[in-house]
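Could you take me around this protein, one selection at a time? I have the viewer open and would like to know what to click on and what I will find there.

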Amino acid sequence: MVGVRILVTGGTGRLGSAVVTRLRAAGEEVRVLSRRPGPDVVRGDLRTGRGIDSAVAGADVVVHCATDYLGREAALARTLVEAARWAGAPHLVYVSIVGVDRVPLGYYRAKHETEEIIAASGLPATIQRATQFHGLVRGLLAGASRLPVVPVPRISFQPVDVRDVARRLADLALADPAGRVPDFGGPEILPAAELAEAVGEASGRRRRIVPVNVPGETFRAYAGGGHLAPGHRDGETTFRQYLAERVAHGTAVHREDS
Ligand SMILES: NC(=O)c1ccc[n+]([C@@H]2O[C@H](COP(=O)([O-])OP(=O)(O)OC[C@H]3O[C@@H](n4cnc5c(N)ncnc54)[C@H](OP(=O)(O)O)[C@@H]3O)[C@@H](O)[C@H]2O)c1
């Protein structure tokens with residue numbers, strides 16, 4: 001498809017910016033929604049609704065990567081859906097997380113509710129769930145690396161590179177609406193202890209790693225692999241490759257940012 005007008009919400013974020021890069025490299029006309037001014041940005045706030053109608057106007061596709069960590073994920077989506085209906089029903093592509101219906105975290109529940117809002121909206125839509133990003137997993141495990149002994153939960157992760165997810169989202173944005181599509185996972189499923197070791201090695205801060213059980217139903221859901229997609233090892237970049245790239249670029253490995 002050529003000449004598609006695409007709005008990327010969250011296009012300033014970790015995943016969204018990679019989607020924008022990918023789509024622009026493919027020659028697509030991309031608009032980025034942000035609450036803040038910036039080059040090539042259309043301003044709008046999905047929480048207040050300000051600027052959203054004009055941001056969505058004229059778009060053939062909206063890739064929805066904006067997110068809210070304070071429980072308003074569904075409210076953001078309602079605002080977007082409403083604007084999209086008025087704007088002639090563009091194809092809405094939403095990125096969710098593997099296990100939103102299995103891991104009892106508030107953020108996951110909100111993402112699951114958002115999937116349902118989009119699926120029931122009547123808009124042409126595609127919903128892609130992905131496993132945890134490399135940056136998130138590194139951030140979770142890097143915080144503890146300052147301690148002499150690092151307790152890590154006895155669970156596994158299937159971290160995936162945002163650029164790999166962005167490639168999939170860009171492909172979906174240029175394809176026909178497909179509803180909920182198969183999950184997208186990282187190339188390897190590894191125990192958190194092994195991933196923490198990799199972070200320690202890459203940052204030159206080797207520590208003794210001790211796997212621990214954590215009480216509670218959220219840990220049980222993670223320990224049961226509710227957040228994993230073993231049948232979908234789609235991503236190409238491994239966690240160690242991602243860490244090596246950060247080291248090569250002189251980007252701190254042990255910091256808790258992404
Ligand atoms: N992290 C993971 O491991 C993971 C795994 C699977 C799926 N996902 C999903 O991937 C998506 C992107 O995650 P990410 O880590 O790339 O996010 P992120 O870096 O935290 O970026 C969040 C984006 O949301 C935008 N935003 C927040 N509130 C907004 C509002 N009220 N109106 C308009 N824009 C708003 C921000 O834009 P401005 O600040 O510029 O306004 C920013 O670009 C999320 O839906 C997340 O659930 C994440």
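Here is a short tour, stop by stop, through a model that is predicted.

**Stop 1: the sheet**

Start with a cartoon view and pick out the strands. Seven of them form an open sheet with parallel pairing, in the order β3-β2-β1-β4-β5-β6-β9. Strands in a sheet are held to each other by backbone hydrogen bonds, in a parallel or an antiparallel way.

Which strands stand at the edges? They are β3 (41-43) and β9 (179-180); each has a single partner strand, so one side of each has no neighbour in the sheet.

Now zoom in on β9 and its link to β6. Strand β6 covers residues 125-130, and two bridges join this strand to β9, the two running parallel. Select Ile127 and look across to β9: Arg180 stands opposite.

**Stop 2: charged pairs**

Side chains that carry opposite charges can pair when their charged atoms come close. How many salt bridges does the structure hold? There are 14 of them, and a few are worth a visit.

Select Glu73 and Lys111 first. Their closest N and O atoms are 3.1 Å apart, in a salt bridge. Glu73 belongs to helix α3 (residues 73-86) and Lys111 to helix α4, so this pair ties together parts that lie 38 residues apart in sequence. Both Glu73 and Lys111 are buried.

Stay on α3 and select Glu82 with Arg85. Their side chains meet in a salt bridge of 3.2 Å, N to O. The two are three residues apart in helix α3, so about one helical turn separates them. Are they buried, exposed or in between? Arg85 counts as partly exposed, at 44% relative accessibility, and Glu82 also counts as partly exposed, at 40%.

Asp183 is buried, with a relative accessible area of 12%, while Arg180 is partly exposed at 45%.

To finish this stop, show Asp101, Glu115 and Arg129 together: salt bridges link them in a network.

**Stop 3: a buried glutamine**

Select Gln132, in the loop between β6 and α5 (134-142). Is Gln132 buried or exposed? With a relative accessibility of 4%, this residue counts as buried. The side chain of Gln132 makes a polar contact with that of Tyr108, at 2.7 Å. Other residues that Gln132 touches include Ile97, Val137, Phe157, Pro159 and His227.

**Stop 4: around the ligand**

Of the 26 residues around the ligand, Thr12, Ser34, Tyr69, Tyr107 and Lys111 come nearest.

- Thr12: a polar side-chain atom lies 2.6 Å from an oxygen atom of the ligand.
- Gly10: a backbone N or O atom lies 3.3 Å from an oxygen atom of the ligand.
- Asp45: an N or O atom in its side chain is 2.8 Å from a nitrogen atom of the ligand.

Technical notes:
Residues are numbered from 1 along each chain as its sequence is written. This is a predicted model: local features need pLDDT of at least 70, side-chain atom pairs count only at pLDDT 80 or more; totals for chains, interfaces and linings use all residues. Side-chain values use heavy atoms; hydrogens and water are left out. Two strands pair if DSSP finds at least two bridges between them. Helices (H or I, at least four residues) and strands (E, at least two) are DSSP runs, numbered from the N terminus. A salt bridge is a side-chain nitrogen of Lys or Arg within 4 Å of a carboxyl oxygen of Asp or Glu. Buried means under 20% relative accessible area, exposed over 50%, partly exposed in between (1.4 Å probe, protein chains only). A polar contact is a pair of N or O atoms within 3.5 Å; within protein, one must be able to donate a hydrogen and the other to accept it, and residues adjacent in sequence count only if both atoms are side-chain atoms. Contact means heavy atoms within 4.5 Å. A residue is near a molecule or strand if one of its heavy atoms lies within 4 Å of it. Lists of a residue's contacts leave out its neighbours within four places in sequence.
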